[in-house]
Amino acid sequence: MAGRRIVAILGSYRRDGTCAAAVREILAAAADAGAETLPINLLDRRVEFCANCRSCTQAPGPARGRCVHDDDLDGILAEVERADALVLAAPVNLYNVNALTRRFMERLAGFAHWPWGRPGPKIRNPALTKEAVLVTSSAMPAPLGRLFTGAVRALKATARLLGARPTETIFIGLAAQRERQPLAPKIVARCRRAGRRLAGARGENE
């Protein structure tokens, strides 16, 4: 039987940064457990800014509305739709996820139906058929980062728009002590456990 398919979306300006390292550990552990993995680095994809035209929100129905932009978004979302599970990762910049990630998030408006004249949007398909691990990092200690930044809330909202239920959040605090700061062993272990769980593996020991 084929293994589960896990897609990771990384929104980070640093290819070798904290979030990137965590994603690598998660996907490596998932692959070791038999999963097929695909990392998508938003830094390498062309995702235009949302024009806020709301064209994608007008047509009714459960299918995602089509965007006026012709860029890499459809290809990314096609990979997401084929996935069994997701990893969503982005660092904290100025108390929330960074602009690279926000740009991607805003382009998910088509997952909502919001015709003109309605007071607010409604999610087209509220079913959460996938699971997601969320990863973020901050210069703050993790408990303060969870309390004083909007990163976790933003990543949870993104997961739900993509049809995924967040099952674990890995918040890596004190991530700015050095320019290239390695992951702490306990974070590595936690990432690898998360990867195995996404792959459907039962054992959690190293």
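Reader: Which residues does Ala142 touch, once residues up to four places away in sequence are not counted?

Author: In this predicted model, Ala142 touches Phe171 and Gly173. The word rests on a cut-off, since contact means heavy atoms within 4.5 Å. Ala142 itself lies in helix H4, which covers residues 142-148. Its C-alpha is 18 Å from that of Pro166, a residue 24 places apart from Ala142 in sequence.

Reader: What makes Leu94, Tyr95, Leu144, Leu147 and Phe148 a nonpolar patch?

Author: The rule joins nonpolar side chains within 5 Å, provided that each residue has over 30% relative accessible area and no salt bridge. These five residues form such a patch on the surface, and together they have about 620 Å² of accessible area. Leu94 can be set against the rule: its relative accessible area is 80%, and the patch requires over 30%.

Reader: Why is Leu94 called exposed, and where is its place?

Author: Exposed means over 50% relative accessible area; Leu94 has 80% and is therefore exposed. Its place is in the loop between strand S4 (92-93) and strand S5 (96-97).

Reader: Is Trp116 buried or exposed, and how do you know?

Author: Its relative accessible area is 57%, so Trp116 is exposed, the limit being over 50%. Trp116 is placed in the loop between strand S6 (112-113) and strand S7 (122-123). Leaving out residues up to four places away in sequence, Trp116 touches Cys53, Arg54 and Gln58. From Val23, Trp116 is 93 residues apart in sequence and 39 Å apart in space, C-alpha to C-alpha.

Reader: How do you know that the charged end of Arg54 sits over the ring of Trp114?

Author: One part of the test is that CZ of Arg be within 6 Å of the ring centre. For Arg54 and Trp114 the distance is 3.9 Å. The charged end of Arg103 likewise sits over the ring of Phe49, 4.9 Å from its centre.

Reader: How many aromatic pairs does the rule for rings give?

Author: The count is zero. A pair would need ring centres within 6.5 Å.

Reader: Why is the pairing of Glu131 with Arg4 called a salt bridge?

Author: The cut-off is a side-chain nitrogen of Lys or Arg within 4 Å of a carboxyl oxygen of Asp or Glu. The closest N and O atoms of Glu131 and Arg4 are 2.8 Å apart, and the two residues form a salt bridge. Glu131 lies in strand S8 (residues 130-137) and Arg4 in the segment before strand S1 (5-10), so the pair ties together parts 127 residues apart in sequence. Glu131, at 19% relative accessibility, counts as buried, since the limit is under 20%. Arg4, at 24%, counts as partly exposed. A search of the whole structure finds 15 salt bridges.

Reader: What makes Asp32 and Arg192 a salt bridge?

Author: Their closest N and O atoms are 3.0 Å apart, which meets the limit of within 4 Å. They form a salt bridge. The pair links distant parts of the chain, with Asp32 in helix H1 (residues 18-32) and Arg192 in helix H6 (residues 185-199), 160 residues apart. Asp32 is exposed at 61%, whereas Arg192 is buried at 18%.

Reader: Why does Arg107 count as buried?

Author: Buried means under 20% relative accessible area; Arg107 stands at 5% and therefore counts as buried. It is found in the loop between helix H3 (99-106) and S6. Apart from neighbours within four places in sequence, Arg107 is in contact with several residues, among them Val47, Phe49, Cys67 and Asp71.

Reader: Is Gly11 buried or exposed, and what makes it so?

Author: Gly11 counts as buried, since its relative accessibility is 1% and the limit is under 20%. Gly11 is found in the loop between S1 and H1. Apart from neighbours within four places in sequence, its contacts include Leu42, Ala89, Asn98 and Thr101.

Conventions. Residues numbered from 1 in each chain as written. Predicted model: local features only at pLDDT ≥ 70, side-chain atom pairs only at ≥ 80, totals over all residues. Heavy atoms only, no water. Helix = DSSP H or I, 4+ residues; strand = E, 2+ residues; numbered from the N terminus. Patch = residues over 30% accessible without salt bridge, like charges linked within 9 Å, V, L, I, M, F, W, Y side chains within 5 Å. Areas by Shrake-Rupley, 256 points an atom, 1.4 Å probe, with all protein chains shown as cover. Buried < 20%, exposed > 50% of the residue type's maximum accessible area, 1.4 Å probe, protein only. Phe/Tyr/Trp six-rings, centres within 6.5 Å; stacked < 30°, edge-to-face > 60°. Lys NZ or Arg CZ within 6 Å of the ring centre and 35° of its normal.
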